[in-house]
Structure formats: C-alpha cells, structure tokens
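Hello,

The structure we discussed is below, handed over for your own use. My notes on it follow.

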Amino acid sequence: MRPACRLRRPAEDIPPPCCPPRPLSAPAPHSPFPKPAFPRPAAAARPAPSIDSVTTINDDGSHRKLQPADVRGRFTHWRRLSAYALIVFYLALPWIPVGGYPAVFLDVAARRFHFFGSTLAAQDAWLLFFGVSGLGFVLFFITALLGRIWCGWACPQTVFLEHVYRVIERVTEGDAPARRALDHAPWTAAKLLRRGTKQALFVLVSLVITHLFLAYFVSLPELWGFMRADPSEHRAAFVFVFLAAGILYFNFAWFREQLCIVICPYGRLQSALVDDHTMVIGYDTKRGEPRGKLGTPDAGACVACNRCVQVCPTGIDIRHGLQLECIGCAACIDACDEVMGKIHRPTGLIRYDSLVGFAGEATRWLRPRTIIYAVLLGVGVTVAAIAFTSIRPASFTVFRMTGAAYFVDHDTVRNQFMLRLLNKHSSPVALTVSVETTRPGVTTTGFDGPVTLAPLGEQVTPLVLSVSRHHYDGPFKFTVHVRDAAGMDLKREVEFLGPDPRLLREDEEARAKQEKAKEGQHDR
C-alpha cells in the first residue's frame, strides 16, 4: 500500500519547453458556450506524480479530480473507432430481432434466455459456468500476451468515460486548462450554466444507458409500456432504473478512475498474469535518460515536457515504469510521438513493448505461461462447444407429488409423479411421453397421446405408475422417454418406491387366512 504522506499531484500545468502547449493539444470539440476568461491556476501548486503515491488522492486523503489534456494520434483514433463500435453494439442488441426475439434477451420472469436465436431455459444455467470460465481464460491469455489492452480499449468503464462523458465535459467546459481554470473560479452565472449543463447531460446519458440495460431483461416494447404507465404499476423497475442511473452518474461524474484503482481487482491481478515478455506500455529509459530541455548537452531524447503526464487519465508518470494505475490506453504514446514529431526526433520513446524489449532483447511470444493459458483456453472452448451442442429443443423434469412416497391398496403399489415439459423453440412441438421398464405388471396413466406445447410453452401433467402386488418385489428403476417427430429422445431415470415385499407377502397371507376363516364359518 502506498503511504498517504507522499501523495502528490502531476505537473499538468507545466508547459512543454520545446514548443507552446496549445499546438500539442487536440482541438477540443466545438462548444456552444463562450470561451471562459477565468484565471489560470498557478503551475507551482501541482508537483509531479510519485511512484510511491496514488496521484488521485491529495495529501489530506481527499480525492483530487483529474483533468486529462486532449490528445490525438493513431492509437487515439483507433480507440475512438473501437469504442463507438462497442457502444453501437451495446445499444443495438435489444433492437435487433433474431428468431422472433431480441438478439440478447434475458427474460428472467419467464426463465428464458435468448442469445442470437438460441434459447436457454433455467435448467441450462449450468452452461454459464463454461461461458464465465471461458471469458476468464481468454482474459488471462490476452493479458499474458498484450497486458491490460482490455482496460484501455474495451472495458465499459473506459469506453463510456473517455468517449461519452469526457466528450460532454469538453464540449461544455472546454479543454483541460479551461476546466482547471473553471475549477478554481468563483461561482458565477457562467460557471453555474456550464456546470449545470454538464451535470444535466450526465444524468440524461446515465438514464439512457440504464433504460437500455433494463431492455435486455424486459424487451423494448415492454420497457416502452413501463415508461408510459404509472410508476406505481412497475415500482421495482422504476426504483431499479433510478438507483442504477444514480450509481452510473456518481461513477462517471466523480468516482471515475478510482473505480480502476480502488475497486477493480484486474490491476492487482496484472502482476500475477504478466511477465517480462508481456507487451505493455513503457518508457525507453536507455534512449530518454538523462532528461533535459531541448538543446541541453548530453541530454537524452526526453525533453521533460510532461506531456505524457498531462494526458494520462489516471494521472501517473509512465516514465516511472509499469504501475498498477496504468490501464494501457496509449494516450501517453500519442502525446509523446506528437512531441517527438514536432522536434524532428524519432518516435517510439514511449511505446508498446515488453520489458525485455526495452532492455534491448528479443520478446518471446511462446513461453510456458502463454502455452499453459492457450491449452486451458483450448480445453475450455472444446468442452464448452460440446456442452452447447448438447442443448435440446425441449426439456423435462420428473418430481414426486407432495405427500406419501407411495400408496398401497388391495391390488397395486402406486407412485405418483408430476412431469414438467418445456418447449424451448419459438414454434409449436408435439411430444410423446413413454415409460420403459423391464418389470412386468407396470401400468401408466396420464399420457395417453402426444402432448402439443405452444412456442416456449410448458405443461405440468401427472404421471402415475402402478404395479400389481403380485409382481412387486421391491423398489426398482424405470426410464421416462420424451420424443418428438424429429428424432429427439430425452430420457430420465426415476426410482419406483414401495414397501418391503416381505410385508406385502405377510399381509397377503394374513388376508388369505382371514378369507379361509370366513369361508369356514360360512360352511358351518
């Protein structure tokens, strides 16, 4: 744990010595508000980040809000495209019909889960194990190869924060220096307008995201009905939406990078998943040190402009080495490459490379760690494929009726069951139920003909098995078959319970004696 007494803040306000700061920043999105004329905060109040402290916490333990500078470059361009593609994918899934249902529809109320035309019932929940474990192995494998590329390029926290909420912030409040100036400015009508507009847009976006998230569970038509109806008619959904929107608003408006640093365990797992050959973002100390201003004799390639610190969304200095807070977003790479280009020096001072690569050695992609993860991933994919191909279009369960386990009368021993049939297809299906046993004298009642189930329908019907007392010689097992016209054959083995056969024989002998005694009395 880093000591709180050494917490310091990055030198985001120190201008690069090589050139004016404004040309190095990407142009902020067009803002409808006039350019603020607030005084700039003093640069001396912001010391550089330290390797021994968390940058987002002040000396007194309070949270310090970061204002990352804008950046442009090839990685920023591709990150933006991938982020918007992921956002469109997330927003579009409830709208795309596949097989009569949304592409992803988690119908918890009906215990049906629809994934791109496939339907899983509650009985298929065991398949989630393979999905979750498969994602875990994929993440382990990718992390061992490419480090925290998930965090910087595909994590919902990064995607929505960097490409939705920060965009709103830049439009309403300006670039990083303007936002810091606004932070230190007194409350005026202009500041209230900017901050109020930003917070209102944050709330609106949070509500939109939450409503679309709810659509994954209730479908869009039903969600639209919820929105038009009285909130008291759907109190649980109403409370969920506003609670979830409040959590999203708190996270993206204030908590932000603290979720990655404090709550998310992935950054801490990183030390166990990566090694010296993992591709990470790092600083070439051999080429960059010693740092010095442009024109300084015997100085390295780094001109100490601190541009990499200014653009970092977690406020770290990548020149200190690989750190827990680094999410692999590559903003520092684009910032450094832009500076190197302006001063006509080779790019790549900060780049994607392995630790052995930075040391001048060759990176090994095939190594025990990656081979083991690849083997585990392959085994998991194979088992998951077998498991998912075993899904049948229908399912059934057999359970005993409440009450006694068996019933005995003068002629038979009887077991009573309930048979629950479930159709997983979006079209009707006719099912035939039969019982298979090697025991003689077994009769069944309850299913005299095929059972037709509606699309995604279910039916619970009694199934009664009776065995004549003469043929009963103890508990035995039988098989229930459920078949359809396409050749599907589902079966379950069930146990027929009953009393000890000796008790039945003793009872029959006693009854026989009573009959003889009655006949003797009648003859006399």
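In strand β16, Phe496 is the bridge partner of Phe476. This is a predicted model, and that applies to everything that follows.

Phe476 opens strand β15, which spans residues 476-483 and is joined to β16 by eight bridges, the two running antiparallel.

**The three-stranded sheet**

A second open sheet to look at has three strands in the order β3-β4-β5, and its pairing is antiparallel. The edge strands are β3 (104-107) and β5 (118-121), each of which pairs on one side only. Neighbouring strands in this sheet are turned by 15° against each other on average, again ignoring direction.

Four bridges hold the antiparallel pairing of β3 with β4, the latter covering residues 112-115. Within it, Asp107 stands opposite Arg112 of β4.

In soluble globular proteins, nonpolar side chains tend to be buried together. The largest nonpolar core in this model has 28 residues, and the members that touch the most others are Phe160, Val164 and Tyr165. Two or more residues come from each of α2 (74-92), β3, α5 (156-173), α7 (189-218), α8 (220-228) and α9 (235-255). Of these, α7 gives the most, with eight residues.

Which residues does Tyr165 contact, leaving aside its neighbours within four places in sequence? They are Phe160, Phe202, Val205, Ser206, Ile209 and Phe252. Apart from this core lies another, of 25 residues, which includes Val429, Val480, Leu490 and Leu504.

**Arg148**

Is Arg148 buried or exposed? Arg148 has a relative accessible area of 5%, and it counts as buried because that is under the 20% limit. It lies in the loop between α3 (128-146) and α4 (149-153).

Leaving aside neighbours within four places in sequence, Arg148 is in contact with Tyr266, Gly267, Gln270, Leu324, Glu325, Cys326, Ile327 and Gly328. Arg148 and Thr278 are 130 residues apart in sequence, while their C-alpha atoms are 9.9 Å apart in space.

**Cysteines**

How many disulfides does the structure hold? The count is zero. Cys308 is in no disulfide, and the nearest cysteine sulfur, that of Cys305, is 6.5 Å away. Cys308 is buried, with a relative accessible area of 7%.

Cys332 is likewise in no disulfide; its nearest cysteine sulfur belongs to Cys329, 6.3 Å away. Cys332 counts as buried too, at 11% relative accessibility.

Regards

Conventions. Residues numbered from 1 in each chain as written. Predicted model: local features only at pLDDT ≥ 70, side-chain atom pairs only at ≥ 80, totals over all residues. Heavy atoms only, no water. Pairing = 2+ DSSP bridges. Axes fitted to C-alpha atoms, helices over the stretch in contact; angles between N-to-C directions. Disulfide = S-S within 2.5 Å. Buried < 20%, exposed > 50% of the residue type's maximum accessible area, 1.4 Å probe, protein only. Core = buried A, V, L, I, M, F, W, Y, C linked by side-chain atoms within 4.5 Å. Contact = heavy atoms within 4.5 Å.
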